[in-house]
Amino acid sequence: MIDRAEVLHVARLARLELSEGEVDRMASELSAVLDHIETISELELDGVAPTSHVVEVGSALRADEPRPSLPREEALASAPAVAADGFEVPSPGA
Amino acid sequence: MSWEPVIGLEIHVQLKTQTKMFCSCELSFGDPPNTHTCPVCLGLPGSLPVANEAAIRFGLKIGLGLGCELAPRSIFHRKNYFYPDLPKGYQISQYDEPLCRGGRLGDVRIHRVHLEDDAAKLVHVGASGRIHGADSSVVDFNRGGTPLVEIVTEPDIRSAERAREWLILLRETMRQLEVSDVNMEEGSLRCDANVSVRRAGESELGTKTELKNMNSFRFVERGIKAEVARQVALLEAGQPVVQETLHFDPQSGSLTSLRSKEEAHDYRYFPEPDLVPVAVTPEMVEAVRAELPELPAERAARYETELALSADSARALAFRPELGRYFEAVLERADGAPAQTVANWVAGELATRLGDADPAQSKVAPDALARLVAMVGEKAVTAGAARQVLDRLVADGGDPAAIVEAEGLGAVGGGDELAGAVRAAIEANPDAAEKVRGGKAQAIGPIIGHVMRETRGAADAGEVTRLVREQLGV
């Protein structure tokens, strides 16, 4: 079971603003998702490693060779605001 | 009742690869802002990371250098939190399956070593120019995505001074592994400390706090000292230590709480679905092992156990490999001179004269220094005169015996010459001589000094003392 407090906690971590109605709905829907996952625990899983990836290929690594980066104007095109050749954002401490 | 500090360190080392951890943008330091970015390191939708082979290799090299167990399979996790220097909304790090586990450097055990990507640089602008009270911030993504290795120690360190010393050993180790510039001022080596205190003799750990971002070796020591003092004061006043993250301000020496623990540690890790597991093959490990140099801790241990050098000399020679190599070259030619004596000449006298320069590039040939050390051993020159010879060797090179000859620096032996000098010194210092005769042994100093001056340091001080006493009849 996920209660309202837990929904609000996770919402704050995810920077989501939920209405009162949404909090209740999320509590019941997320609980249903967890219940569904719980069914896995009915299986005998001793000694079975968790599946972190569905494909188990060996390291897909990239050679350490530089390739051109984006021109700055292009990188900054999606910035909310630009100052001093950088992405200007509200100060996190403010 | 005394208190014992318990300290563990978390060190971030920026790897000096050519490109970033998960994209092909070139690493840069000091380039104009936002000139080394791409959709991957800007966290744009639809972009996919691919791990850098060299970063994995450097990680393995560090693991081997620290004696860790290398995981044949490790995976990346997403560490979720929001901050403007983290465009993806998560850092790609490693969680329960890191690249390396266990290990040891010096007397400190290593808990784990893992790979991750660095955050961007956040420049705070506004009224005060500092984090608190700033109006807006500017993000430079050049640094974002730089490969980082995080090294976590066990809580094996017992004082702020030892923390600093160990960190210097770690830096030298990283430098000699050639995996990082390890420059604290430039941020390529960063250190956080977990600090707690407990009553001496107690085995349980106290509540710890985390000290962040101490950007010099001196600040690491001062920050930990300040935090230990703060915790001891709290406990002695009967108050609890609260688990929190603290920022040390070197200007004021104060510690301020950074953020509430509740949110800070709720990172909701989950396996990074965009990256396949890292499979380390025995061939990869062997290739890295073949590149490993002899590291400072091993070299220092070898000097201490095989050559019986003092811990200080062993460290001095091991922390600068060029000094160590030179020392070994002199020792080989020194024909049975005690290793400690050779170490003193190389790590002390010669290193003081050469500063940071490599002695192998200096005018002092290992042969010449070996002969000079032998001459001191045979009392053909005094230590004082030999220092003058070394000055000449550093300036012009050459053969020590020839310099001794040309400068008249040969030791004034027993015999009449020295006895005459002693007689003259006693005559020149009648007051001192009277006091010595009267039983004031320490009054002998001016007489000996007189002889040493007259012989330009070429007399053996022990022999001079013996002769002065003999002539004064004490």
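Me: In β17(B), which residue is the bridge partner of B:Arg78?
Reply: This is a predicted model, in which local features need pLDDT of at least 70, side-chain atom pairs count only at pLDDT 80 or more, and totals for chains, interfaces and linings use all residues. Residues are numbered from 1 along each chain as its sequence is written, chains are lettered from A and ligands numbered from 1 in the order written, and side-chain values use heavy atoms, without hydrogens and water. Strand β5 (residues 77–80) of chain B pairs with β17(B) in the antiparallel sense over 2 bridges; strands are DSSP runs (E, at least two residues) numbered from the N terminus, and two strands pair if DSSP finds at least two bridges between them. The partner of B:Arg78 in β17(B) is B:Phe270.

Me: Which strands stand at the edges of this sheet?
Reply: The open sheet has 3 strands in the order β6-β5-β17 (chain B), with antiparallel pairing. Each edge strand has a single partner, so one side of each is left without a neighbour in the sheet; these strands are β6 (90–93) and β17 (270–271) of chain B.

Me: Is A:Leu43 buried or exposed?
Reply: A:Leu43 is found in the loop between α2 (20–38) and β1 (61–62) of chain A. Buried means under 20% relative accessible area, exposed over 50%, and partly exposed in between (1.4 Å probe, protein chains only). At 57% relative accessibility, A:Leu43 counts as exposed.

Me: What average pLDDT does chain B have?
Reply: pLDDT is the predictor's confidence in each residue, from 0 to 100. In chain B, 95% of the residues score at least 70. The average for chain B is 91.

Conventions:
Helix = DSSP H or I, 4+ residues; strand = E, 2+ residues; numbered from the N terminus.
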